[in-house]
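Have the picture ready as you read.

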Amino acid sequence: MRFVMSGAAGFIGSHFCDRLIAEGHTVIGLDNLITGSRRNLAQLMDHPRFEFREWDVTRPFEADAPVDGVLHLASLASPKDYLDHPLETLETGSTATRNMLDLALKHKARFLVTSTSECYGDPLVHPQVETYWGNVNPVGMRSCYDESKRYAEAITMAYHRVHGVRTNIARIFNTFGPRMQLHDGRVVPAFMDQALRNEPLTIFGDGMQTRSFCYVDDMVEGLFRLMSSDERYPVNLGNPREMTILQFAECISELMGNKLPIVHQPLPEDDPKRRQPDISKARAVLGWEPRVSLEDGLRRTVEYFKKQGVQV
């Protein structure tokens with residue numbers, strides 16, 4: 001099959017490209033490189049079934065041959081990035097989503113959009129299940145990201161209902177692994193960067209807020225299965241193992257073999273207090289659940305960053 005993917009040079013996008021090429025498909029990867037990197041795709045640049053185009057998908061993209069699938073992964077996903085670029089974030093969820101949907105409609109192609117657990121906001125239901133409508137501040141600092149993704153889900157369902165586009169919606173929870181940006185402000189790369197430099201770990205608030213962490217290979221497997229499914233409504237993809245940020249800091253310290261001090265800073269506005277996916281639907285519909293343990297995933301990630309020249 002022939003796929004067009006936005007956000008191809010990003011963290012998850014580049015791994016998804018690897019998977020599609022390994023499965024024998026052809027991929028046209030699009031990215032404006034605002035947060036993505038050509039280095040993430042270095043292993044594919046000379047591959048005969050891969051083509052990279054530096055392209056901002058807030059502008060319509062015209063494929064020069066038939067397309068079987070359109071995958072919209074473009075996103076400024078870290079708080080640092082979307083707070084620095086709120087307008088671009090909103091455009092990526094709105095205008096860019098519609099452009100990619102129009103491409104799928106034109107080619108009668110399947111369409112997948114990567115949404116986010118942030119659609120649940122600071123949840124009042126725990127763990128978060130797809131039928132929960134969320135607790136989101138529509139005018140807060142994070143709203144540029146949260147609402148852009150909620151809109152992306154809404155317009156995706158509208159194209160399915162009005163035009164019959166074969167759509168899939170993935171609600172992605174915290175994902176980590178090689179090719180993350182060390183300085184994007186999210187907890188896994190932030191702790192990883194500080195630990196590799198033997199610096200104190202920065203925790204926002206008291207550290208009792210919870211997260212769950214899914215290794216990128218498991219996430220790509222979930223996306224691949226969802227893309228191939230007939231499920232049209234959102235599906236949570238993430239690791240249901242919940243832990244506090246303090247517990248995660250301890251896990252990083254153990255991995256690095258030394259007790260790292262902790263520095264506390266104020267909790268950002270609208271930061272979710274609890275985050276844990278209910279993946280019952282993914283298990284039932286996709287036969288999917290994470291396989292890589294947090295500890296194994298972190299070891300692989302540390303090795304990647306060491307090879308990139310980040311030294312203890």
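Some questions and answers about the sheet and the helices follow.

This is a predicted model, in which local features need pLDDT of at least 70, side-chain atom pairs count only at pLDDT 80 or more, and totals for chains, interfaces and linings use all residues. Residues are numbered from 1 along each chain as its sequence is written, and side-chain values use heavy atoms, with hydrogens and water left out.

Q: What makes strand 1 and strand 4 a pair?
A: Two strands pair if DSSP finds at least two bridges between them. Strand 1 (residues 2-6) and strand 4 (residues 69-72) have four bridges, in the parallel sense, so they meet the definition of a pair. Ser6 stands opposite His72 in strand 4.

Q: What is the order of the strands in the open sheet?
A: The seven strands run 3-2-1-4-5-6-11, with parallel pairing.

Q: Why is one side of strand 3 and of strand 11 left without a neighbour in the sheet?
A: Strand 3 (50-54) and strand 11 (235-237) stand at the edges, and each has a single partner strand, so one side of each stays without a neighbour.

Q: Which residues of helix 3 are called buried?
A: Buried means under 20% relative accessible area (exposed is over 50%, partly exposed in between; 1.4 Å probe, protein chains only). In helix 3 (residues 86-93), Thr89, Thr92 and Gly93 are the buried ones.

Q: How do you know that these residues are on the same side of helix 3?
A: The arc is that of the directions from the helix axis to the C-beta atoms. Here the arc is only 95° around the axis, which puts them on the same side of helix 3.

Terms used: Helices (H or I, at least four residues) and strands (E, at least two) are DSSP runs, numbered from the N terminus.
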